[in-house]
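Hi everyone, thanks for coming. Let me put the sequence and the structure up on the screen, and then we can walk through them together.

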Amino acid sequence: FMLVLASNQPEQFDWAINDRIDEIVNFDLPGLDERERLVRLYFDKYVLKPATEGKQYVSNLLSFLVTIE
């Protein structure tokens, strides 16, 4: 049985949970190259691909982005 817990504040876990954790794997924040790759993957999938397929996802995405600002 495996349970995966993810947190950017692991100290917030209850002591009873921490007591049962056998292994902890820490991941560093992504560097500039990784962040650029993530943005490109997102942009390609959710902006470029829908736009080239003639769907309205781009306008919906832009509308959503404007509303959250």
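Before we look at any helix, here is how helices are assigned: helices (H or I, at least four residues) and strands (E, at least two) are DSSP runs, numbered from the N terminus. Please keep in mind that this is a predicted model, where local features need pLDDT of at least 70 and side-chain atom pairs count only at pLDDT 80 or more, while totals for chains, interfaces and linings use all residues. Residues are numbered from 1 along each chain as its sequence is written, and side-chain values use heavy atoms, with hydrogens and water left out.

So, the overall picture. The protein chain has three helices and zero strands, running α-α-α from the N terminus on. Of its 69 residues, 4% are buried, where buried means under 20% relative accessible area, exposed over 50%, and partly exposed in between (1.4 Å probe, protein chains only).

Now, how many salt bridges does a search of the whole structure find? One, taking a salt bridge as a side-chain nitrogen of Lys or Arg within 4 Å of a carboxyl oxygen of Asp or Glu. The partners are E36 and R40, with their closest N and O atoms 3.1 Å apart. Both sit in helix α2 (residues 32-52), four residues apart, about one turn of the helix. E36 is partly exposed because its relative accessibility is 40%, whereas R40, at 52%, counts as exposed.

L5 lies in the segment before α1 (15-19). Its relative accessible area is 41%, so L5 is partly exposed. Together with F1, L3 and I17, L5 makes a nonpolar surface patch of about 510 Å². For such a patch, residues need over 30% relative accessible area and no salt bridge, and nonpolar side chains (Val, Leu, Ile, Met, Phe, Trp, Tyr) are joined within 5 Å, like charges within 9 Å.

L5 turns up again at the largest pocket: among the 17 lining residues, the closest to the centre are L5, A6, E23, I24 and V25. The space in this pocket is about 590 Å³. A pocket here is an open set of points on a 1 Å grid with protein on both sides within 12 Å along at least five of seven lines, and lining residues have an atom within 4 Å of a point. The lining has 12 nonpolar, four polar and one charged residues.

Methods. 1 Å grid on protein atoms, 1.4 Å probe; cavity = no way out; pocket = protein on both sides within 12 Å on 5 of 7 lines; lining within 4 Å. Points joined across faces, edges and corners; volume = space filled by probe spheres on them. Nonpolar A, V, L, I, M, F, W, Y, C, P; charged D, E, K, R; others polar. Areas by Shrake-Rupley, 256 points an atom, 1.4 Å probe, with all protein chains shown as cover.
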